[in-house]
Amino acid sequence: MPIRVLPDEVSSAIAAGEVIERPASVVRELVENSLDAGASEISIRVEGGGRGLIEVIDDGEGIPKDEVILAVARYATSKLQNAQDLQSIQTLGFRGEALASIGAVTRMEIETRSRDEPIGTCLCVEGGKVGTPSAIGTSPGSMVRVKDLFFNVPARREFLKSERTERQKISEFVSRYAMAYAQIQFSLELEGKQRFQSTGSGNIRETLAKVFGSETAASFLQIQTMENSRINIHGYVSPPVVNRGTRRELTFFVNGRWVRDASLNAAVLQAYHGLLMVGRFPMAVIFLEISPSDVDVNVHPGKTEVRFREPDLIFSVLQRAVRAALIGQSPVPGVELGGRWGSQSDQKIMVNPDWQLSNDPAVQGMESRARLQPALAGSTVPLLRAVGQIGASYLVAEGPDGLYLVDQHAAHERILFDEMMLAHEDGNIESQRLLEPLTVEFQPGSSTIVDENISILGELGFEIEPFGEHVFRLRAVPALLGIRDPERLLRSAVEDFEEDEAPLKDEHEARIAARVCKRAAIKSGQVLSLEEQQKLLRDLEKCSVHRSCPHGRPTMIHLSVDALERQFGRRG
Ligand code: ADP
Ligand code: MG
């Protein structure tokens, strides 16, 4: 075929595909326009997973009657004047492509009225064909209604994911933006049902509670940097005990724009190093404010990626800010005394002092439920005195600020894991030789895991060698775990994965170490002498992270003197 210039409607449909990939991209573009227009209320309505209908209504500044036609033209924008402006973009939009792209692949209807004009304008665009604007009576602001996505691009339409997936994407997007713009009231209606609504009160924690549930939101720790005036980072991260099986709950906004960025993810994950079981991920909502000239947002058609001028600086500032929040504020969960023992109302609510307190009773209620204790001075464990053991499983200890209950198994798991990882970092884990080498046979699946990890197991102190099909010979085990039951110890490294635990994939060392430490740790039900209890508490005090086991469960709970006095009615 000879070379021909494509007809306009074909080339614009192709170009539109860059910007509009799926229903969620339409929602993103329209909502970003509403935000740029200074709206204080944004309502989104979606039908048929967004293929049928997407409607976004805002009370923003509207489009003046003379500019409506331009607004739907490609590369027409009110947000940028020259190439230099590209270096200091303050708005979410800047390419002037969205309305043109949406108009090219849908049936679109715009009703808009500028705040300065007495009457509004209505305009339809269908498959790229722009209609004639007409006057209508409407209140200031804009409404964009988009129907039949990709009706004229069958190839695209067929590749859309299920309606359910699209609804999830849209909900995710709207709730994320509601967190970033807490002063704006968002509402989302899906298939005729109100699915999400934020109050627009400006209180981020309140919005977090709407998105994540009040208990999870109340547990979040606040992060804040002040050290570097060029980067301001603030937001919320989950304490290690609140974790997820995916990194999808790591959310970043750069200058008010939701972005995905592997190095931001990595910075946060590094801050949790040693606090979370491998394969578990924290939750975070983090806002980075950077001078627009230090970040390039013009990288990706969907504007979901950015490029930083100084990525290393941002990485380290972010990593430190999160780490500081985790180490400094990580609360020891307090004992729930509500319900049977005492009435909820007469308990003092202890809240981290730098929390924003809301006047909304719902939010106060949620904070009281979480019952967070203020950070302990210097955040080290107070010196604990062993008092005794309960149910051969929990140690009772006294500290300077009250009573501690320690889960002996979780605590010992943490101690062993820390020792093992520390020795591993120094490259000198001691092995203890078995009197006789032991032959161990595995199921085929497990034997593959052993095979693949022989050298890592070696670094951790297991001396093993292949000895026939699925059979290995074990000569030595890590000394610090003891030789009581070497075979079970080795098996624990590769067998019986818990439901939410992926088989050893990455960060093998930590994963394997956590598994064998769990096996080797003192069990619940094991009676300990007072000396053994005291030693366990000492060792726990030395751990860098003493408040959770490597699997993320708490090692201890705390009942303050203050709370005790209240319970006994000594204080009002
Ligand atoms: P961009 O946002 O990159 O400028 P768009 O195609 O999304 O490009 O929008 C084109 C123009 O239409 C914007 O620059 C803005 O002037 C106007 N516009 C679009 N949506 C709205 C809205 N909801 N309220 C006010 N003006 C809008
Ligand atoms: Mg736009």
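Visitor: What makes the crossing in which α2 passes α4 left-handed or right-handed?
Guide: First, a reminder that this is a predicted model. A crossing is called left-handed if the near helix is turned anticlockwise from the far one by less than a right angle. The crossing of α2 past α4 is left-handed.

Visitor: Which numbers describe how helix α2 and helix α4 pack?
Guide: Two packed helices are described by the angle between their axes and the distance between the axes. For α2 (residues 23-36) and α4 (residues 98-105), the angle is about 140 degrees and the axes lie 10 Å apart.

Visitor: Which residues of α2 and α4 meet?
Guide: On the α2 side they are V26, E29, L30 and N33, and on the α4 side A98, L99 and I102. This contact divides into 5 nonpolar residues, 1 polar and 1 charged.

Visitor: Why is α4 called mostly covered?
Guide: A residue counts as buried under 20% relative accessible area. In α4, 8 of its 8 residues are buried, namely A98, L99, A100, S101, I102, G103, A104 and V105.

Visitor: What do the buried residues of α4 pack against?
Guide: Their partners are the helices α1 (8-19), α2 and α3, together with the strands β3 (107-113), β4 (120-126) and β7 (141-147).

Visitor: Now to backbone angles. What makes the phi of Y75 worth a look?
Guide: Most residues other than glycine have a negative phi. Y75 is not a glycine, yet its phi is positive, near 60 degrees. Y75 is found in the loop between α3 (68-71) and α4.

Visitor: Why is Y75 called exposed?
Guide: The cut-off for exposed is over 50%. Y75 has a relative accessible area of 57%, so Y75 is exposed.

Visitor: Where is N255, and what is its phi?
Guide: N255 sits in the loop between β12 (250-254) and β13 (257-259). Its phi is positive as well, about 45 degrees, although N255 is not a glycine.

Visitor: Why does N255 count as partly exposed?
Guide: Partly exposed is the range between buried, under 20%, and exposed, over 50%. The relative accessible area of N255 is 26%, and therefore N255 is partly exposed.

Visitor: How do you know that R385 forms a salt bridge with E398?
Guide: The test asks for a side-chain nitrogen of Lys or Arg within 4 Å of a carboxyl oxygen of Asp or Glu. For R385 and E398, the closest N and O atoms are 2.8 Å apart, and the pair forms a salt bridge. R385 lies in strand β17 (residues 385-390) and E398 in strand β18 (residues 394-399), so the pair ties together parts that are 13 residues apart in sequence.

Visitor: Are R385 and E398 buried, exposed or partly exposed?
Guide: R385 is partly exposed, because its relative accessible area is 46%. E398 is partly exposed too, with 38% relative accessibility.

Visitor: What makes the R488 and D485 pair a salt bridge?
Guide: The limit is again 4 Å. The closest N and O atoms of R488 and D485 are 3.9 Å apart, and the two form a salt bridge. R488, at 43% relative accessibility, counts as partly exposed, and so does D485 at 37%.

Visitor: How far apart are the N and O of the salt bridge between E97 and R95?
Guide: They are 3.4 Å apart, and E97 and R95 are both buried. A search of the whole structure finds 27 salt bridges. A network of salt bridges links R45, E47, E55, E109 and R145.

Visitor: Why is T207 called buried?
Guide: The threshold for buried is under 20%. T207 has 4% relative accessibility, so T207 counts as buried. T207 lies in helix α7 (residues 204-212) and touches A178, M179, A182 and S198, not counting residues up to four places away in sequence.

Visitor: Finally, how many helices and strands are in the chain?
Guide: There are 18 helices and 23 strands. Of the 572 residues in the chain, 51% count as buried. Among contacts with a separation of 6 or more, 68% are between residues 24 or more positions apart.

How values were computed
Residues numbered from 1 in each chain as written. Chains lettered and ligands numbered in written order. Predicted model: local features only at pLDDT ≥ 70, side-chain atom pairs only at ≥ 80, totals over all residues. Heavy atoms only, no water. Axes fitted to C-alpha atoms, helices over the stretch in contact; angles between N-to-C directions. Helix = DSSP H or I, 4+ residues; strand = E, 2+ residues; numbered from the N terminus. Contact = heavy atoms within 4.5 Å. Nonpolar A, V, L, I, M, F, W, Y, C, P; charged D, E, K, R; others polar. Buried < 20%, exposed > 50% of the residue type's maximum accessible area, 1.4 Å probe, protein only.
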